[in-house]
Amino acid sequence: MSSSWRVLDADSLRKATLVPEPFPYLIIDNIIRPEVLSEVVGSFPAIKKRGSFPPHAVACSGLFATLMQEMQSDELRDLIGERLGMDLTNKPPMVTVRGRTSEKDGEIHTDSTSKLVTVLLYLTPGWASR
């Protein structure tokens with residue numbers, strides 16, 4: 001499957017090691033193409049409040065808007081499902097954007113029984129996964 005993505009790198013998702021325990025998960029380094037990363041981060045919307053917002057509720061523009069489209073694409077959904085051994089066909093994504101956090105955020109929790117997969121994408125400058 002060739003990718004039509006401009007921001008996300010499908011090969012990094014395809015090549016990421018699947019860790020089976022305690023549940024299947026992937027850590028994907030550099031899923032955003034390095035040549036567009038600074039533009040994606042630079043076009044991140046100004047969010048002055050704490051909380052999670054759907055993309056339509058914030059001012060998405062530039063390559064950040066393209067990233068939001070790719071995050072909601074059938075191609076990404078299908079590739080994630082393939083990697084996790086799940087059929088996600090007709091399972092709609094729910095994408096939210098966060099700009100601010102507080103000490104109340106980040107506690108480990110279960111969202112709901114209806115959520116099948118969670119994808120966290122950090123755009124924090126200087127972040128290292130290991």
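Is Arg77 buried or exposed at 16% relative accessibility? In this predicted model, Arg77 counts as buried, because its relative accessibility of 16% falls under the 20% limit.

**View 1. Arg77 and Asp74 pair within helix H4.** Arg77 forms a salt bridge with Asp74, and the closest N and O atoms of this pair are 3.3 Å apart. Both residues belong to helix H4, which covers residues 74-84, and they are separated by 3 residues, about one turn of the helix. Side chains of opposite charge can pair when their charged atoms come close.

**View 2. Arg77 also meets the side chain of Asp78.** In this salt bridge between Asp78 and Arg77, the N to O distance is 2.8 Å. Asp78 has a relative accessible area of 34% and is therefore partly exposed, whereas Arg77, at 16% relative accessibility, counts as buried. Taken together, Asp74, Arg77 and Asp78 are linked in a network of salt bridges.

**View 3. Asp11 and Arg14 pair within helix H1.** The salt bridge here joins the side chains of Asp11 and Arg14, with a distance of 2.9 Å from N to O. Both residues lie in helix H1, made up of residues 10-15, and they stand 3 residues apart, which is about one turn of the helix. Asp11 counts as partly exposed, with a relative accessibility of 38%, and Arg14 likewise counts as partly exposed, with a relative accessibility of 27%.

**View 4. The salt bridges of the model as a set.** The count for this model comes to 3 salt bridges, among them the pair formed by Asp11 and Arg14.

How values were computed:
Residues numbered from 1 in each chain as written. Predicted model: local features only at pLDDT ≥ 70, side-chain atom pairs only at ≥ 80, totals over all residues. Heavy atoms only, no water. Salt bridge = Lys/Arg side-chain N within 4 Å of Asp/Glu carboxyl O. Helix = DSSP H or I, 4+ residues; strand = E, 2+ residues; numbered from the N terminus. Buried < 20%, exposed > 50% of the residue type's maximum accessible area, 1.4 Å probe, protein only.
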